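This briefing covers one protein chain, shown below. The points are grouped by topic.

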Amino acid sequence: MAEQAWEGTTFGTGFMHRWLIKALRHTDVRLWYTFAAVCIIPFCVVFSPATHHIFSYFRHRHHYGSIKSLWKSYVNLVLFSQVVIDRFAMFAGKRLKLSVEHYDIFKDLAAKELGFVMLSAHVGCYEMAGYELVSDRKPFNALVFAGEKESVMKGREKLFKHSHINMIPVRKDMGHLFEIDRALADGEIMSIPADRFLGSRKTVTVNLLGAPAQLPSGPFSVAAMRGLDVITVNVMKTSITGYTAYVAALSYDKTAPRKQQIQQLADGYSRELDRVLKKYPEQWYNYFNFWNEQ
């Protein structure tokens with residue numbers, strides 16, 4: 001379970017990030033896609049510990065053969081590199097296309113007085129949602145990793161400053177929980193990743209891609225505690241410079257015991273994640289032993 005703790009930052013130094021942002025202002029992202037696919041990813045496939053975990057994901061969860069699993073592992077890392085490049089392209093001022101499926105679900109909740117919870121996962125490029133799925137009426141709060149590189153945080157701040165978006169860093173002293181509670185009490189939007197542990201080790205077991213997996217119960221408990229509406233948003237790369245955000249509402253019995261509410265939300269979350277991963281199997285970016293397989 002320790003491997004599922006939220007840790008790690010965007011690869012590279014601050015200098016590398018600033019240089020890449022400047023370069024992307026004057027070059028096509030496809031040039032960098034090609035460079036990464038040819039010069040960087042083959043090296044990662046051979047030497048990165050991530051290869052073992054993503055190979056196991058394709059082999060055991062999608063039941064591909066060994067050769068296909070190895071090829072899909074390469075494709076997965078290529079797509080992940082493109083997601084990272086796209087993020088820096090946005091920091092450089094470039095616009096990428098984003099379409100939203102079931103935008104009405106988000107719009108209806110944003111029009112209500114009560115706050116609501118948006119749950120995400122490490123698939124596709126969820127950060128893209130922060131640039132488009134915003135509300136003029138409600139502030140949008142996003143839980144983010146506190147140890148992220150300064151260049152990345154500054155890039156986000158630059159893009160978010162006109163979008164009512166507030167970033168809440170995960171803190172070791174759990175101080176972020178008070179900020180989450182304050183945001184929801186004030187009727188705001190709270191965005192939380194539900195596939196990584198944020199400090200508490202309490203779990204809920206779900207079925208994901210045909211095998212039991214443990215998710216942190218905290219994100220689901222946050223919503224159940226106040227009886228708030230919950231949606232999932234998965235933003236998947238669907239073309240060279242385009243993404244599609246899939247919005248889905250999670251239903252649960254708000255009169256049921258708290259433990260049952262948490263289980264219902266977790267099951268709904270895993271079903272939606274399962275659906276997205278079957279459509280976009282190569283865009284799973286949890287590079288650890290997620291299912292605790294031997």
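How many bridges join strand S2 (residues 116–120) to S5, and do the two strands run parallel or antiparallel? Five bridges join S2 to S5, and the two strands run parallel; strands count as paired if DSSP finds at least two bridges between them.

This is a predicted model, in which local features need pLDDT of at least 70 and side-chain atom pairs count only at pLDDT 80 or more, while totals for chains, interfaces and linings use all residues. Residues are numbered from 1 along each chain as its sequence is written, and side-chain values use heavy atoms, with hydrogens and water left out.

**Overall make-up**

- The protein chain has 10 helices and nine strands; helices (H or I, at least four residues) and strands (E, at least two) are DSSP runs, numbered from the N terminus.
- Of the 294 residues in the protein chain, 55% are buried. Buried means under 20% relative accessible area, exposed over 50%, and partly exposed in between, with a 1.4 Å probe and protein chains only.
- Among contacts (heavy atoms within 4.5 Å) with a separation of 6 or more, 75% are between residues 24 or more positions apart.

- Strand S5 (residues 189–193) is mostly covered, with five of its five residues buried.
- Ile-189, Ser-191 and Pro-193 point one way from S5, whereas Met-190 and Ile-192 point the other way.
- Ser-120 lies in strand S2, and its bridge partner in S5 is Pro-193.
- Ser-120 is buried, with a relative accessible area of 4%. Leaving aside neighbours within four places in sequence, Ser-120 is in contact with Tyr-126, Ile-192, Pro-193, Ala-194, Asp-195, Val-233 and Tyr-269.

**Nonpolar cores**

- The largest nonpolar core has 82 residues, of which Met-118, Phe-220, Val-233 and Trp-284 touch the most other members. A nonpolar core is a set of buried Ala, Val, Leu, Ile, Met, Phe, Trp, Tyr and Cys residues joined through side-chain atoms within 4.5 Å.
- Helix H10 (residues 258–279) supplies the largest share of this core, seven residues.
- A second, separate core of 13 residues includes Ile-21, Ile-85, Phe-88 and Ala-92.
- Not counting residues up to four places away in sequence, Met-118 touches residues including Phe-106, Tyr-126, Leu-133, Phe-140, Ile-231 and Val-233. Its contacts also include Ile-189, Met-190, Ser-191 and Ile-192.

**Packing of H9 against H10**

- Helix H9 (residues 218–226) and H10 pack at an angle of about 125°, with their axes 9 Å apart. Axes are lines fitted to C-alpha atoms, for helices over the stretch in contact, and angles run from 0 to 180 degrees between N-to-C directions.
- That angle makes H9 oblique to H10; angles under 35 degrees count as roughly parallel, over 145 as roughly antiparallel, 65 to 115 as roughly perpendicular and the rest as oblique.
- In H9, Phe-220, Ser-221, Ala-223, Ala-224 and Met-225 meet Arg-258, Gln-261, Ile-262, Leu-265, Ala-266 and Tyr-269 of H10.

**Positive phi in two loops**

- Most residues other than glycine have a negative phi.
- His-63 has a positive phi, near 60°, and is found in the loop between helix H3 (50–61) and helix H4 (66–91). His-63 is exposed, with a relative accessible area of 60%.
- Leu-209 also has a positive phi, near 55°, and lies in the loop between strand S6 (203–208) and strand S7 (211–216). Leu-209 is buried, with a relative accessible area of 7%.
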